[in-house]
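I opened this notebook to record, entry by entry, what I looked up in the model shown below.

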Amino acid sequence: MLIVDNNYQIDNSYQIDNNYQKLLPKLQAGLAQLNLTLSIQQQTQLLYYLQQLLFWNKAYNLTAIKQPEVALVKHILDSLGILPYLPTGRLLDIGTGAGLPAVVVAICQPDRFVTALDSNGKKVRFIKQISSELGLKNLNPVALRIEEHTDTYDVITSRAFASLEDFVALGADNLAVNGEFLAMKGVLPTDELAQLNTAWQILVTELNIPFLDEERHLIRLTRR
């Protein structure tokens, strides 16, 4: 269980303004509910990433969410919710957008190699910048369509990228033989599940994201 230090002050070297420093207790409460243990440095990195995401959003249109507290829940805590379910190995995040969940995973699991892939050059440029500022040497931002990417991975994630059928079809060549797809979804996509090829074994997990009054489901797919 995470031990929360209520007297902790954000490291000023990250230049996090007060609006984001005030989110630390809520982030820590969310981590405790998810039963995740992160260092103070990692917590600070998550808040700095959130701050820069909304700052760059003014010019780059990275997210429709503009309120820091809402973005903390719907972006950061939502992405943190999949950490307990990630198998080991190299991870590819398809259609990562502004780096969700790729940047969050890279911050929280520094020993894992993470590729953040998106065809939108502006979004990948932001990920490259934030990766440099946070010193995330395990994060590899790539500006390509998935059809043009040839590397293979043990884990492939997506967050609102495409239908399950398209996700599997597009990423199949990039998935290692014993690899696993993890698709982050809201309401359980019953119709999408019904359309999947029987070659895939399906495991559905309902996620309870702290402070979020919306459904979240994780669809895990492995080859039979």
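Where does Asn-35 lie? I found Asn-35 in the loop between helix H2 (24-34) and H3, where helices (H or I, at least four residues) and strands (E, at least two) are DSSP runs numbered from the N terminus.

Basis of the entries. I am working from a predicted model, in which local features need pLDDT of at least 70 and side-chain atom pairs count only at pLDDT 80 or more, while totals for chains, interfaces and linings use all residues. Residues are numbered from 1 along each chain as its sequence is written, and side-chain values use heavy atoms, with hydrogens and water left out.

Backbone entries. I looked up phi for Asn-35 and noted a positive value of about 60°, although Asn-35 is not a glycine. Asn-61, likewise not a glycine, has a positive phi near 55° and sits in the loop between H3 and helix H4 (68-80). I noted that most residues other than glycine have a negative phi, and most peptide bonds are trans. Asn-61 is exposed, because its relative accessible area is 59% (buried means under 20%, exposed over 50%, partly exposed in between, with a 1.4 Å probe and protein chains only). The peptide bond that joins Leu-100 and Pro-101 is cis, with omega about 10°, and Pro-101 belongs to the loop between E1 and H5.

Helix H2. I placed Gln-28 in helix H2 and recorded this residue as buried, since its relative accessible area is 3%. Gln-28 and Leu-38 are 10 residues apart along the chain, and their C-alpha atoms are separated by 9.0 Å.

Helices H3 and H6. I checked how helix H3 (residues 40-60) lies against helix H6 (residues 121-134): their axes come within 11 Å and cross at roughly 145°, the axes being lines fitted to C-alpha atoms over the stretch in contact, with angles from 0 to 180 degrees between N-to-C directions. The crossing of H3 and H6 is right-handed, meaning that the near helix is turned clockwise from the far one by less than a right angle. Among the H3 residues that meet H6 are Tyr-48, Tyr-49 and Trp-56, and the H6 side includes Arg-125, Phe-126 and Ile-130; contact means heavy atoms within 4.5 Å. The residues of this contact divide into eight nonpolar, three polar and three charged (Ala, Val, Leu, Ile, Met, Phe, Trp, Tyr, Cys and Pro count as nonpolar, Asp, Glu, Lys and Arg as charged, and the others, Gly among them, as polar).

Strand E7. Which strands pair with E7? Strand E5 (residues 175-185) pairs with E7 in the antiparallel sense over five bridges, and strand E6 (residues 200-206) is joined to E7, also antiparallel, by seven bridges; pairing requires at least two DSSP bridges between two strands. I noted Ala-183 opposite Ile-219 in E7, and Trp-200 opposite Arg-223 in E7. Five of the seven residues of E7 (residues 217-223) are buried, so this strand is largely enclosed by the rest of the structure.

Annotated positions. The unreviewed UniProt entry places the feature "binding site" at Gly-95, Leu-100, Ile-146, Glu-147 and Arg-159, and such annotations may be inferred rather than shown by experiment. Gly-95 is in the loop between strand E1 (91-94) and helix H5 (102-108) and counts as partly exposed, because its relative accessibility is 22%. Arg-159 lies in strand E4 (residues 153-159) and is buried at 19% relative accessible area. Leaving aside neighbours within four places in sequence, the contacts of Arg-159 include Lys-74, Asp-78 and Leu-100.
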